[in-house]
Each structure stands twice: as structure tokens, then as C-alpha cells.
Amino acid sequence: MTYKQSRRIFLQKTALLTGGLFLGYHFPDIRALANDQDNVADTVRLGIIGTGSRGQYLMTHINLIPGIEIVAVCDNYKPNLDKGVEMTGGKAEAFTDFRNLLEKNDIDGIIIATPLHLHAVMSIDSLKSGLHVFCEKAMAKTPGECLAMYNAQLETGKILLIGHQRMFNPRYLKAFEMINRGQLGNITQVRAYWHRNNDWRREVPEPSLERKINWRLYWDYSEGLMTELGSHQIQVANFIKKDFPRRVTGTGSINYWHDGREVFDNVNLVYEYPDGSSLIYDSMISNAHYGYEEQIMGPKGTMELEAGRIYSENPPPAPGILQLLNNIEHKIFDPLPLGGKSWIPETAVQDKGEYIYEVDLEDDGTALEMEGFAQMIRENRHSDILLREAYYASIAAVLGNEAIKKGEMITFPEEYIL
Amino acid sequence: MKDLVIKGKWIKRELVLLAVIFLLAVIINIIGIVKHDTRWIEMLSQMHVVLILTLLVYALIWLVRLIIFVVMLPFRKKSNK
């Protein structure tokens with residue numbers, strides 16, 4: 001299914017959602033997309049800072065969307081810069097210093113896809129230059145930087161959107177609505193994990209570029225698994241809980257990739273919400289069997305958001321004829337019991353559940369998010385809900401690492417509560 | 001080569017057999033609904049199960065008849081002689 005087809009179905013489906021009560025407080029700004037894509041009045045002109053792998057991924061999606069033009073690219077690593085220019089068909093102006101790009105006066109907004117430690121300074125400078133900003137997740141490397149970015153948005157009034165694309169993913173939006181309608185009951189636990197089996201390394205042409213290219217592996221530039229992967233899933237949990245965790249504890253280490261890296265290759269955390277419910281989170285890069293998932297649990301049911309399925313605690317019975325045939329089969333083929341069962345194993349329920357959202361979209365939310373950003377620029381409308389979600393998820397991710405490093409239960413600092 | 005002649009009587013007999021099996025499968029569906037207290041809409045929604053069951057039983061009866069035919073073949077030849 002092409003992006004255009006996916007988008008059309010998405011808008012049809014979400015038109016139904018937007019009528020619901022869910023819009024009241026907790027709903028991402030999907031209204032941003034409710035325009036006629038084929039008749040976009042104003043072309044939004046963007047500059048991209050950071051044209052490495054993530055920047056290129058975003059550009060691939062942007063190139064699908066009418067009404068957005070990438071007019072400038074910036075990277076201080078030449079192969080990435082060249083690739084960035086190439087992806088615009090050679091049309092974009094190239095910069096190696098982002099400050100020079102910000103001086104360009106024909107840009108509406110900036111996309112930042114650089115290493116984490118640069119997010120705050122680049123976002124704040126861009127906002128203060130009068131530009132709207134889309135910054136990749138996580139928001140920033142420290143709680144202080146996150147707060148500074150939040151305040152810079154308040155001060156300038158410009159749009160600041162953080163790249164949590166699940167908030168633009170139709171499957172997630174549908175799930176959020178169902179949860180909000182109480183289909184799972186009060187959410188008592190969220191279990192989330194992200195497992196990979198690779199060293200997370202990029203090829204380095206010469207040793208002096210190790211930290212520049214493999215910045216994710218070093219504390220000076222990155223917060224490792226928690227900010228690169230965990231922040232997405234913490235954000236989902238927060239959105240569902242309509243709150244943020246007040247305490248976190250856990251463990252983490254380098255238990256497999258002993259290759260000179262500094263950041264943990266496995267993290268295992270428990271976040272506690274004010275109502276006593278919890279987010280149990282783990283991430284590792286030495287086994288990919290379980291992949292990634294967010295499991296949302298309540299007394300009435302369970303949702304697996306990546307699999308896109310909902311499981312009721314009381315699933316409807318199988319059709320009568322199947323039950324009857326099944327009973328006959330068991331009577332014929334099962335061995336005769338010598339006595340009644342005194343113990344029944346409490347293994348996982350084998351119910352296959354139902355689809356949350358029946359349409360299989362190509363886009364994981366990234367293209368819709370880019371389109372949403374462009375429309376927010378056209379309407380000059382910032383979404384404080386989305387920024388707060390990103391803010392609390394990013395700080396919670398960073399606090400998770402702090403809890404591991406200190407070996408303590410860490411409480412969410414009062415000074416960072418908005 | 002000898003022509004294979006399928007008589008109208010034979011076709012009629014097979015169709016009656018198929019209809020009887022189908023009826024039995026429908027009755028099994030009704031018993032299932034009543035016994036397990038499920039919804040009557042399953043008379044329609046589970047029609048695919050009824051049809052599969054019908055074809056399975058019909059195929060099983062064919063198999064039994066084929067086995068009987070093969071087993072009886074030597075005796076039949078003797079009696080023909």
C-alpha cells in the first residue's frame with residue numbers, strides 16, 4: 001500500500017476518532033493532517049541539520065509528501081552531507097556549521113537529526129532564530145537541557161515537535177482511543193521491551209572518527225538504549241497512563257559487547273506511577289527473539305501495540321460446533337485420567353485476540369509526523385501536549401540510567417515537573 | 001478402451017447420500033449451539049464448518065466403500081467365473 005493510500009485510509013479512520021471524547025485532553029494533533037494533500041496552498045521550506053542515517057530516513061519520508069521542500073542541509077561529516085544534497089536532487093544548499101544555516105532567511109523550519117548531546121543547543125538556537133523545530137527523540141541528554149528546550153519554546157512561541165512517531169501511527173491512535181474508552185479497565189501494568197541482536201556499531205573509515213560515528217556508544221554524546229529506544233516506549237506508557245512516573249529503579253550493565261563501549265548493552269527498569277501502577281522496561285542487544293513490544297494490561301484485557309492485537313480477559317467462547325467436535329476428539333484420543341486434576345498449569349492464555357486496527361500501513365507514523373509538522377507550520381500552531389509527552393518521556397529515560405548508575409531508587413525531581 | 005457409464009440412478013444415490021450427510025452436519029451444529037449455549041447466528045456463520053464436515057464425512061464414506069470394493073474384488077471375480 002502506498003503512502004498516499006495509507007494516508008487516505010488513515011484520515012477516513014481517524015475522522016471517526018476525532019468525534020470522540022478522547023480529543024478532550026489526550027489526543028495527538030492529528031487535526032494537523034486534516035487538509036487536502038493534493039491542494040497544498042503553501043510549500044513549507046525546511047532545513048535539515050544532521051543527514052546521517054536518521055536524517056536520511058526522515059528525508060526519504062519527506063520526499064513522499066507534497067508541499068514540503070528541503071532547501072538546506074547541514075552536516076559536518078562530508079559523506080553524510082553529500083548524501084543529503086543528493087537526496088534533494090542537488091537542489092539543497094549545503095552547510096557544515098548549523099549556525100550558518102540558521103542565518104538563511106527563506107526557511108520556515110528546521111529538522112534536527114544529530115547526536116543527542118547536540119539536540120538542546122541546536123533546538124534552542126533554531127527557536128531563537130525564529131524557526132519552527134522538529135527534533136529527533138530523545139529530547140535532550142539531561143533534564144536541565146529538556147527544561148531549557150521547553151522554556152525556549154514558551155519564550156519564542158515557535159513550534160517544537162519531538163520525534164515520537166508513534167503519536168502519529170494510526171494503530172497506536174486507535175489503541176489509545178480504545179484504552180481511553182475503558183476496554184482494558186484501569187491500566188495496572190505496562191510491560192515494554194526492545195531486544196536486538198547486533199553490536200549497534202557503524203563502520204568507521206579511520207579510528208579518529210570512532211566517537212563521531214559511533215556516538216551512541218559513549219556517555220559524552222548519548223544515553224544509550226534508554227534514549228535511543230526506551231524513550232519511545234516510555235512515552236507510549238506515559239500517554240496511556242496520562243501521567244509520568246515518579247520513581248524508577250533498576251539494573252544495567254555491559255554483559256556481552258565488551259568492545260570498548262561505555263553505554264550499557266542491557267537495561268532493566270521498573271518505573272512507578274502515582275497510582276501505584278508500573279512500567280516494567282528492559283532492553284538488550286544480545287538476543288532478538290522477542291523483538292520489541294508494549295504490553296498494556298488491565299483487569300479487562302491486554303493489548304500488544306506492536307503486534308496490533310487486543311486480548312480480552314474473558315474471550316468469547318468458540319462456536320458451539322467447534323466445541324462439540326473438539327470434545328468428541330478429546331474423548332476419543334486423550335488418555336484416560338486415573339484421577340481428577342489436582343493442579344492446572346497457569347501458562348499463558350492461548351487466545352489469539354483481535355486486531356486493534358485492520359489496515360496494514362506502510363508508514364510507522366514517520367511520514368504522517370513529517371506531514372503533521374509541515375501543517376502545524378502552515379497554521380503556526382504548536383502542540384503543548386506532544387511537547388510535554390516528549391519532555392517527561394525523555395527525562396524518565398535519563399533518570400532510568402541515573403538509577404542504574406547509582407544503584408538507587410531515583411525520584412522525579414520536583415524542579416522538573418511542569 | 002472401455003467406456004465408463006455413470007448411470008442417473010448412481011448420481012441420484014450419491015446426491016441423496018451427500019444431502020443426508022449435510023443434514024447430519026447441520027444437526028451437529030444445532031446440538032453444538034444448544035449444548036454450549038452459543039448464538040443461533042452460528043447456523044449461518046459456521047456454515048463453512050458444516051460444509052467442511054460434510055465433505056470430510058462424504059470422503060470418509062468413499063474411502064470405506066473403496067476399501068470394501070478392493071477387499072471384495074477377488075471374491076467377486078471368482079463368483080463371476
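Chain A carries an open sheet of six strands in the order 3-2-1-4-5-6, with parallel pairing. The model is predicted: local features need pLDDT of at least 70, side-chain atom pairs count only at pLDDT 80 or more, and totals for chains, interfaces and linings use all residues. Residues are numbered from 1 along each chain as its sequence is written, while chains are lettered from A and ligands numbered from 1 in the order in which they are written.

**Sheet of chain A**
- Strand 3 (93–95) and strand 6 (160–163) of chain A are the edge strands, and each pairs on one side only.
- Strands pair if DSSP finds at least two bridges between them.
- From one strand to the next, the twist averages 25°, with axes as lines fitted to C-alpha atoms and angles running from 0 to 180 degrees between N-to-C directions.
- Strand 5 (residues 132–136) and strand 6 of chain A pair in the parallel sense over four bridges.
- A:C135 has A:I162 of strand 6 as its bridge partner.

**Chain B**
- Chain B has three helices and zero strands; these are DSSP runs, helices (H or I) of at least four residues and strands (E) of at least two, numbered from the N terminus.
- The radius of gyration of chain B, taken over C-alpha atoms, is 18 Å, well over the 12 Å that the globule rule gives for 81 residues, so chain B is more spread out than a compact globule.
- The globule rule is 2.2 Å times the number of residues to the power 0.38.
- The C-alpha trace of chain B spans about 60 × 25 × 20 Å along its principal axes.

**Contact between the chains**
- Seven residues from chain A and eleven residues from chain B take part, with contact meaning C-beta atoms, placed from the backbone, within 7 Å.

Conventions
Contact = placed C-beta atoms within 7 Å.
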